[in-house]
Amino acid sequence: MCAGYDPISEYKQKTKKSAEWFQTASKHLPGGVTGNVKFYPPYPVYLKKAKGSHVWDLDGNEYIDYMLCFGPLILGHGHPKVLEAVSRQLKEDGTQILGAPHELEAVMAERLKRIFPFADAVRFTNSGLEATLHALRVARGAKKKARFAKFEGAYHGCYDEALVSLAPAVEFAGPESSPQTVSGSFGTSQSAIQNVQILPYNDIENTERILRAHKDDLAAVIMEPVQRGFVVPDLEFLKVVRETTRELGIVLIFDEVMSGFRMEKFGGASTTYGIDPDMICLGKIIGGGFPCGAFMGKRELMDMVNPATKPKEERVFHGGTFNGHPTVLAAGMATLDVLEEPRTYPYLNKISDRLRNGFNDLFGRMGYEAEAIGPGSTFNIVFTKGRISDYRDVTKCDSKTRQKLDFGLMARGMHLHPDKPFYTCTEHSEKDVDQTLKVAEEVLKKMKE
Ligand SMILES: Cc1ncc(COP(=O)(O)O)c(C=O)c1O
């Protein structure tokens, strides 16, 4: 299949200015990018401007955007209500940042507590990475234990401990039922690796067994309730993780940086599945397209960072010059306002289903063993016969065929990140989706030639 079709040549043909800029950028930035994930071979497409669901590259090519900055732009690019909120905030404050506590911090915190009612308090950060880092430190401080558990294949940000067993080569990662810790980056210290216990996602029996075996040294379990935004949990599995951590006195942290506000309804995966963790980490969407994160949780945990009540010797450090930035929070509030309108989620679900089901119809009709999987406004395309229930299943997918589809789509006006999930937004129209499916059909046909 697809031996003769070369979509990468089509991509190169169309993106000559990106190729040139890649050379320039690479003189100054390793790989021509500011984060490793943003590079893909032969070179990434460099964007110039955007509006709604569309983006334009350096060659002036127009694309329908399904990358949406890896998720935050759920209202698309430059939503008027977000832009207006940002300029109003700047004008009213008379400065970019007040630099001292301000009203919007508590206003936004109160709003997040209403959305996630199990939580009593919130702290803001500048990224999802910082949110998970600080949540873990709070849990460790509260439990006076250094170790925590995470699931194989989960991403919680790019610091040493969070990267452990993010994408291990399966042959070095031990048995599926008892995954071993594998460093996620060259340069990681042994102590960081030793602090992490790896669990098998969606595997009730072995997760419970490992947690019980390590109950005395684990401060927390951190998990993406929907792993990588598209591997959905069995409800029973989530329930068992919740019940077991509660019974063993281990803090359960839901990392909803990705799943937050991207499920079928307003809220997070915790809202959808009806399971309250002890802490939640948020990011991406709550900053309305600006750098943001938050961690929130029960009073006794969040009080660990409370300088008004906790003596310094027992306090957990939390800081950040730009935490709770007013412009960012204004953008986040405006985004939540639009998301909370009654018509938003029905539309977002309708448009996401149209695209996801459209891909699945094409795969079925054209004889591809592939599926578009994932909840709400995020899905991924996997070329596989089997069910995807964890990281190891994902590694068995046919990534070469996926790459052909990705570059074929990009060469025909769809902006996405190869091998990564697709994100939809409120600005995607039925016309956008139908155009995408038409193009996908062309590409899938060529791949059969
Ligand atoms: C689940 C999850 N946690 C944490 C992060 C880190 O967020 P940030 O890139 O804002 O640091 C990400 C980023 O993609 C994520 O998907």
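The model is predicted, with local features needing pLDDT of at least 70 and side-chain atom pairs counting only at pLDDT 80 or more, while totals for chains, interfaces and linings use all residues. Residues are numbered from 1 along each chain as its sequence is written, and side-chain values use heavy atoms, leaving out hydrogens and water.

**Around the ligand**

- Let's look at polar contacts, meaning pairs of N or O atoms within 3.5 Å.
- Asp 255 places a polar side-chain atom 2.6 Å from a ligand nitrogen atom, and a polar backbone atom of Tyr 155 is 3.4 Å from a nitrogen atom of the ligand.
- Lys 284 has a polar side-chain atom 2.9 Å from an oxygen atom of the ligand.
- Taken alone, the ligand exposes 390 Å², and the protein buries 82% of that; these areas come from the Shrake-Rupley method with a 1.4 Å probe.

**A buried arginine**

- Arg 111 is part of helix α4 (residues 103–115); helices here are DSSP runs of H or I with at least four residues, and strands are E runs of at least two.
- With a relative accessibility of 7%, Arg 111 counts as buried (under 20% relative accessible area, with a 1.4 Å probe and protein chains only).
- Leaving aside residues up to four places away in sequence, Arg 111 touches Met 333, Leu 336, Asp 337 and Glu 340, where contact means heavy atoms within 4.5 Å.

**Aromatic pairs**

- The whole structure holds 18 aromatic pairs, counted when ring centres of Phe, Tyr or Trp (its six-membered ring) lie within 6.5 Å.
- Phe 151 and Tyr 201 pair edge-to-face, 5.9 Å centre to centre with 85° between the planes; edge-to-face means planes over 60 degrees apart.
- Phe 151 sits in strand β5 (residues 147–151) and Tyr 201 in the loop between β6 (196–199) and α8 (204–213), 50 residues apart.
- Both Phe 151 and Tyr 201 are buried.
- The ring centres of Phe 363 and Phe 383 are 5.8 Å apart with planes at 65°, so this pair is edge-to-face.
- Ring pairs also link Phe 363 and Phe 383 into a cluster with Tyr 66, Phe 359, Tyr 368, Phe 379 and Phe 422.

Key:
A polar contact is a pair of N or O atoms within 3.5 Å; within protein, one must be able to donate a hydrogen and the other to accept it, and residues adjacent in sequence count only if both atoms are side-chain atoms. Buried means under 20% relative accessible area, exposed over 50%, partly exposed in between (1.4 Å probe, protein chains only). Rings of Phe, Tyr and Trp (its six-membered ring) pair if their centres lie within 6.5 Å; planes under 30 degrees apart count as stacked, over 60 as edge-to-face and the rest as tilted.
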